[in-house]
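Here are my notes on the model, point by point. Please read them with the structure open.

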Amino acid sequence: MAIEGYRIVRSRRKTLSLCVSREGEVVVRAPLTLSAEYIGSFVEKHSAWLQKKVAEANARPKLDLSDGARVVLFGTQYTLASGRTGVKGTVLYLPEAGREEALTRFLKRFSLEVMRILTDRIARTYGFRHAGVRISSARGRWGSCNKEGMIAYSFRVAFLPPALCEYVAVHELSHTVVFDHSPAFWKVVEEVLPDWKSRRKALKSNGSMGYL
Ligand SMILES: [Zn+2]
């Protein structure tokens with residue numbers, strides 16, 4: 001199978017490298033003087049791997065950020081409109097250009113606010129002691145907790161339904177008691193959320209990590 005098109009980025013590097021952007025574009029990084037012919041055959045040689053990566057990028061769930069589109073944040077549906085970034089009632093305003101970046105910045109603030117309240121409430125109710133809440137951009141994990149009890153959530157938790165946000169918070173808070181994923185850990189989780197198994201399963205099949 002042939003690769004339809006690709007972008008060559010030349011620099012003072014010594015080796016060739018291939019990658020596929022989140023938008024499904026093939027990018028080749030190449031040394032300044034390497035021939036286009038050589039690059040072409042290199043791309044061809046890796047076409048099977050590239051095809052797979054392009055297909056994965058295209059299958060990523062897309063977030064419609066046009067005016068009038070709807071986005072659900074922490075279980076509340078907002079309608080998108082153009083304006084200065086922020087929420088008014090159930091309208092989420094984003095600037096005309098650079099909407100993904102603007103939404104990302106907004107969600108970092110918004111998630112911190114919401115997850116801090118949620119985490120503190122669960123901690124108070126069940127007697128967990130944590131060192132604080134932060135927001136991260138890390139892809140591939142919804143939350144983490146370090147040895148000091150500092151909890152970090154991906155800003156993408158905003159796309160999860162409240163029951164799953166709650167599971168993520170309980171999971172991380174339980175790490176302040178048991179640091180690993182041993183049976184003792186799941187016992188702590190279960191004391192707070194008897195239905196943790198179904199929530200965990202739902203979280204695993206939730207595709208919103210790919211939105212931004
Ligand atoms: Zn964990």
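1. Terms for the sheet come first. Two strands pair if DSSP finds at least two bridges between them. Helices (H or I, at least four residues) and strands (E, at least two) are DSSP runs, numbered from the N terminus.

2. Ground rules. This is a predicted model: local features need pLDDT of at least 70, side-chain atom pairs count only at pLDDT 80 or more, and totals for chains, interfaces and linings use all residues. Residues are numbered from 1 along each chain as its sequence is written, and side-chain values use heavy atoms, with hydrogens and water left out.

3. The sheet. It is open, has 3 strands in the order β8-β10-β9, and its pairing is mixed. β8 and β10 (residues 150-154) run parallel and are joined by 5 bridges. S136 has S154 in β10 as its bridge partner.

4. Helices on the sheet. α3 packs on the sheet and touches β8 and β10; contact means heavy atoms within 4.5 Å. The direction of α3 makes about 150 degrees with that of β8. Helix α4 (residues 162-174) lies across β9 and β10, at about 150 degrees to β10. Axes are lines fitted to C-alpha atoms, for helices over the stretch in contact, and angles run from 0 to 180 degrees between N-to-C directions.

5. The core. A nonpolar core is a set of buried Ala, Val, Leu, Ile, Met, Phe, Trp, Tyr and Cys residues joined through side-chain atoms within 4.5 Å. Buried means under 20% relative accessible area, exposed over 50%, partly exposed in between (1.4 Å probe, protein chains only). The largest such core has 49 residues; L103 and Y153 are among those with the most contacts inside it. Helix α3 (residues 99-126) gives the largest share, 9 residues.

6. The zinc site. H171, H175 and H181 coordinate the zinc ion through NE2, at 2.0 Å. Donors are N, O and S atoms within 2.8 Å of the metal (3.2 Å for Na, K and Ca); water is not among the atoms, so sites may look incomplete. The donor spacing in sequence is H-x3-H-x5-H. H171 is buried, at 11% relative accessible area.

7. One backbone point. F74 has a positive phi, near 50 degrees, and is not a glycine. F74 sits in the loop between β4 (70-73) and β5 (76-82).
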